[in-house]
Amino acid sequence: MRIVVAPDSFGGTLSAGEAATAIAEGWRRAAPGDDVRIVPLADGGTGFAEVLHTALGGTVHTLEVTGPLGDPVTGSWLQVGDTGYLECASACGLHHVAREDRVPGVARTATTYGVGELMAHARSAGVRRLVVGLGGSATTDGGAGMLAALGATPVDVDGLPLPPGGAALALCDRFDGAPALAGIELVAASDVDNPLLGRHGAAAVFGPQKGADDATVTELDAALAVFAGVLEPLAGRDVRDDAAAGAAGGLGAALLALGARVESGAGLVRELVGLDAELDAAAADGGLAVTGEGSFDWQSLRGKLITAVARGAAERGIPCVVLAGQVDVGRREAAAAGVDSAHGVADEFGLEASMADPAGTLADLAAHVAPRWSR
């Protein structure tokens with residue numbers, strides 16, 4: 001049988017590539033005759049550039065940039081021909097902020113400046129197309145930091161530069177300077193369609209996981225409303241209600257104002273890594289798809305990568321098996337999404353063991369499940 005192993009990353013424990021390798025190792029241990037193909041996946045968030053590098057090759061550029069808290073972090077972007085692939089989390093990701101530091105003060109001041117520095121570096125390298133993956137950010141600054149790094153500094157009514165972060169945008173009056181990205185096609189790779197403002201917006205939906213309490217969410221939402229008005233002359237229109245404007249703490253809105261086209265990050269990765277071709281081959285061989293992520297829950301059923309794999313498998317009449325860190329979805333809900341069987345590492349081996357050895361226990365789970373499906 002051909003087994004297509006196509007997982008997302010497992011939260012902060014395993015990258016998509018590490019998860020795929022672990023699943024493949026365990027499956028081969030139990031079913032050595034199967035033809036196991038590894039196809040790591042990602043949406044626009046953490047792991048986006050790494051997965052594409054594995055599939056496409058290219059050159060990874062690594063440099064020191066400004067992190068979300070203003071301190072230096074190591075960021076990177078991928079160059080394939082004249083196209084650059086950049087995940088915003090590389091520069092401003094939540095993983096750069098310790099859990100104990102995810103507090104209202106940090107949520108108010110976290111910046112996307114480093115994202116702009118990565119984009120400027122890609123511009124200097126001569127890319128003609130720049131795909132920015134949105135997701136996993138620690139920021140809610142509407143992309144103001146990114147624009148400042150590109151030459152458009154947000155200032156107050158007196159022309160003074162604003163301090164970093166979303167809260168300061170309440171005083172934003174205009175930009176000093178213009179973003180230097182002429183001639184570069186921009187693509188915003190996102191799998192969320194949230195607007196910039198309101199109860200479905202950047203601050204309300206994503207702010208709490210970044211440390212914002214209720215008062216801070218209200219403050220940030222109001223500040224982003226002011227900033228939306230400042231973005232309008234740059235965009236030539238109002239972008240606040242556009243799909244994905246609220247992605248990555250409003251970074252999506254700034255990219256839209258720069259003329260970016262929104263594409264599904266998961267769909268883009270699926271196309272570039274050749275997932276459909278692998279599923280076609282598995283269907284011809286009577287095989288199956290194996291996917292997974294850290295937590296298979298109700299959010300997984302709302303268009304995330306697992307459902308994309310399951311849908312692709314169902315279209316070809318082959319089973320889809322989910323191996324996850326934890327499973328919080330009932331069988332009926334999973335079946336409705338095209339998932340034939342779902343198994344959790346924590347359910348099988350316990351949460352403590354799964355956290356102590358995520359790769360080893362995931363491999364053991366795959367070895368446990370494989371005989372049920374392998375011919």
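Predicted model: local features only at pLDDT ≥ 70, side-chain atom pairs only at ≥ 80, totals over all residues.
1. Helix α1, length. Helix α1 covers residues 16-30, 15 residues in total. From first C-alpha to last, α1 reaches 21 Å. That is close to the 21 Å expected at 1.5 Å a residue.

2. Helix α1, surroundings. The buried residues of α1 are A16, A19, A20, A22, I23, A24, G26 and W27. An α-helix has 3.6 residues a turn, so residues three or four places apart point the same way. What do the buried residues of α1 pack against? Their partners include four strands: β1 (2-5), β2 (35-38), β11 (288-291) and β13 (320-324). Helices α2 (48-56) and α16 (358-373) are also partners.

3. Helices α8 and α9, geometry. Two packed helices are described by the angle between their axes and the distance between the axes. Helix α8 spans residues 214-235 and helix α9 spans residues 247-257. They pack at an angle of about 25 degrees, with axes 8 Å apart. Angles under 35 degrees count as roughly parallel, and α8 and α9 are therefore roughly parallel to each other.

4. Helices α8 and α9, contact residues. On α8, the contact is made by L231, L234 and A235. On α9, it is made by A253, A254 and A257. By class, this contact has 6 nonpolar residues, with no polar and no charged ones.

5. Helix α12, burial. Is α12 largely enclosed or exposed? Of the 11 residues of α12 (residues 305-315), 8 are buried, so the helix is largely enclosed by the rest of the structure. The buried residues are L305, I306, T307, A308, V309, A310, G312 and A313.

6. Helix α12, neighbours. The buried residues of α12 pack against helices α10 (265-273) and α11 (275-284). They also pack against strands β11, β12 (295-296) and β13. Strands β11 and β13 also pack against the buried residues of α1. After α12 comes G317, with a positive phi near 75 degrees.

7. Cysteines. How many disulfides does the structure hold? The count is 0. A disulfide is a covalent bond between the sulfur atoms of two cysteines. For C88, the closest cysteine sulfur is in C92, at 4.3 Å, which is too far for a bond; the cut-off is 2.5 Å. C88 counts as buried because its relative accessibility is 0%. C172 is in no disulfide either, and its nearest cysteine sulfur, that of C92, is 18 Å away. C172 also counts as buried, at 8% relative accessibility.

Note on methods:
Residues numbered from 1 in each chain as written. Heavy atoms only, no water. Axes fitted to C-alpha atoms, helices over the stretch in contact; angles between N-to-C directions. Helix = DSSP H or I, 4+ residues; strand = E, 2+ residues; numbered from the N terminus. Parallel < 35°, antiparallel > 145°, perpendicular 65-115°, else oblique. Contact = heavy atoms within 4.5 Å. Nonpolar A, V, L, I, M, F, W, Y, C, P; charged D, E, K, R; others polar. Expected span 1.5 Å × (residues − 1). Buried < 20%, exposed > 50% of the residue type's maximum accessible area, 1.4 Å probe, protein only.
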